[in-house]
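Student: I would like to learn how to read a protein structure feature by feature. Could we go through one together, slowly?

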Amino acid sequence: GLKHRREVAGKSAIFSGEHFVLEETDWYLLNLFRLWWHYGISFLRLQMWVEEVMEKFMRIYKYQAHGYAFSSLEEMLRSLGGDAFVNMTQRSVAESLLEVGVTQRFVDDVIAAVLRSSYGQSVLVPAFAGAMSLAGAQGSTWAVEGGNKLVCSGLLKLTKANIIPARVTGVSLHSSEGRPLYQVHYEGGEDHGSAFYDMVVVTTPLHPSRSNFTFENFEPPIADFPGAFQPSVTSVVHGYLNSSYFGFPDPKLFPFASILTTDTPDLFFNAMDNICPVNISAAFRRKQPQEAAVWRVLSQQPLDKQQLKTLFRSYYSVQVTEWQAYPRYDAAKSLPPIVLHENLFYLSSVEWVASSMEMIAVAAKNVALLAYNRWHQDLEKIDQKDLMHKVKTEL
């Protein structure tokens with residue numbers, strides 16, 4: 001029952017702190033010409049590289065449609081793209097793109113701007129995470145009418161799950177008739193409780209900076225995994241853009257709805273865009289550049305008053321949300337496991353391959369299939385080799 005949110009046209013540009021290094025126009029052919037003039041055929045090589053990665057990644061949907069699952073992230077990646085996909089989690093996106101002929105200038109201007117906007121990090125993020133981010137930046141992505149949160153609430157409604165509104169504090173291991181039994185401890189307000197389960201899926205990140213979660217009676221013990229998360233600050237500002245800062249003294253002439261930034265030390269924000277409501281009527285239009293509008297500013301630190309004054313001539317309100325948004329990809333060199341114990345699974349490990357709603361959805365279905373296949377001892381459906389051939393044979 002979800003509907004595709006209507007897109008509202010708006011041009012983008014990349015800002016270096018002093019000037020725009022690349023500006024989008026209303027004409028597709030002119031945009032292509034500008035890309036070619038500045039960067040040669042780097043944008044074509046980028047598109048070919050991203051399409052090749054995504055074409056192989058899309059195999060996961062065929063595998064899951066046939067009930068196949070994977071007990072580790074390495075096995076999943078290897079089934080999709082061989083050792084090359086596994087290696088893409090250990091080498092940077094910059095290195096991979098330079099290897100296929102993308103120029104350093106294109107990496108510094110365009111790739112860096114996209115990754116600063118999506119992950120708040122540099123072109124040193126792993127190639128697989130970079131490919132997912134770049135694929136999302138090329139358009140044809142979904143936004144849900146009414147807000148993407150409806151995906152989560154809709155799934156909960158469809159599953160008819162029994163939801164206990166409490167914070168889980170830990171899991172302890174017991175046994176029943178030779179099978180593991182997991183006691184989940186939780187607290188909500190002044191209440192403390194627990195319940196026993198045959199299977200448990202942990203979705204909270206099990207890393208020192210995020211985890212207040214304990215495991216008891218496990219041998220060997222389940223420890224926190226190395227790694228940290230990238231802080232991100234989202235400031236939603238209702239105000240008048242200071243177009244002079246971007247080189248447009250007359251605000252009526254400012255043409256952009258989205259501004260990305262290069263990796264410049266003096267820049268205090270990663271990206272900003274003129275945002276629209278989650279419900280868009282047919283009569284909706286963007287505010288004119290000289291009018292007060294709602295802007296979302298992404299930064300790594302909260303914006304102080306001087307920085308807000310730099311970006312806005314004046315403003316009515318500022319709403320700030322600080323969160324640990326994504327893994328800091330330079331903080332860990334190995335992928336966390338999916339299986340923590342016999343029937344204890346870890347969903348958020350996939351974020352260290354790439355962090356997005358789609359990746360989490362894929363990982364969730366993999367865990368569901370893995371749990372089902374292990375419970376019913378259908379081992380032929382787990383970590384199978386040459387799956388493309390098997391799927392074709394089944395068809």
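**Reading rings, helices and strands**

Tutor: Let us begin with two side chains, keeping in mind that this is a predicted model: both Tyr 119 and Tyr 329 are buried.

Student: How are the rings of Tyr 119 and Tyr 329 placed, centre to centre and in the angle between the planes?

Tutor: Tyr 119 and Tyr 329 form an edge-to-face aromatic pair, with 5.5 Å from centre to centre and 65° between the planes. This pair links distant parts of the chain, since Tyr 119 lies in the loop between α6 and α7, while Tyr 329 lies in the loop between β12 (312-327) and β13 (339-341), 210 residues apart.

Student: How many aromatic pairs does the count come to, and what is the arrangement of Phe 20 and Phe 256?

Tutor: The count comes to 30 aromatic pairs. In the pair of Phe 20 and Phe 256 the ring centres are 5.0 Å apart and the planes stand at 55°, so this pair is tilted. Phe 20 belongs to strand β2 (residues 20-23) and Phe 256 to strand β9 (residues 256-261), so that distant parts of the chain, 236 residues apart, are linked by the pair. Phe 20 and Phe 256 are buried, and they belong to one aromatic cluster that also includes Phe 15, Tyr 245, Phe 246, Phe 248 and Phe 254.

Student: How should I describe two packed helices?

Tutor: In general, two packed helices are described by the angle between their axes and by the distance between the axes. Here the axes of helix α6 (residues 104-118) and helix α7 (residues 127-137) come within 10 Å and cross at roughly 95°, which means that α6 is roughly perpendicular to α7. On the α6 side the contact involves Ile 111, Val 114, Leu 115 and Ser 118, which meet Gly 130, Ser 133, Leu 134 and Ala 137 in α7. The residues of this contact divide into five nonpolar, three polar and no charged.

Student: In which sense do β3 and β4 pair?

Tutor: Strand β3 (residues 167-176) and strand β4 (residues 179-188) pair in the antiparallel sense over nine bridges, and Ser 175 stands opposite Pro 180 in β4.

Notes: Residues numbered from 1 in each chain as written. Predicted model: local features only at pLDDT ≥ 70, side-chain atom pairs only at ≥ 80, totals over all residues. Heavy atoms only, no water. Axes fitted to C-alpha atoms, helices over the stretch in contact; angles between N-to-C directions. Helix = DSSP H or I, 4+ residues; strand = E, 2+ residues; numbered from the N terminus. Parallel < 35°, antiparallel > 145°, perpendicular 65-115°, else oblique. Contact = heavy atoms within 4.5 Å. Nonpolar A, V, L, I, M, F, W, Y, C, P; charged D, E, K, R; others polar. Pairing = 2+ DSSP bridges. Phe/Tyr/Trp six-rings, centres within 6.5 Å; stacked < 30°, edge-to-face > 60°. Buried < 20%, exposed > 50% of the residue type's maximum accessible area, 1.4 Å probe, protein only.
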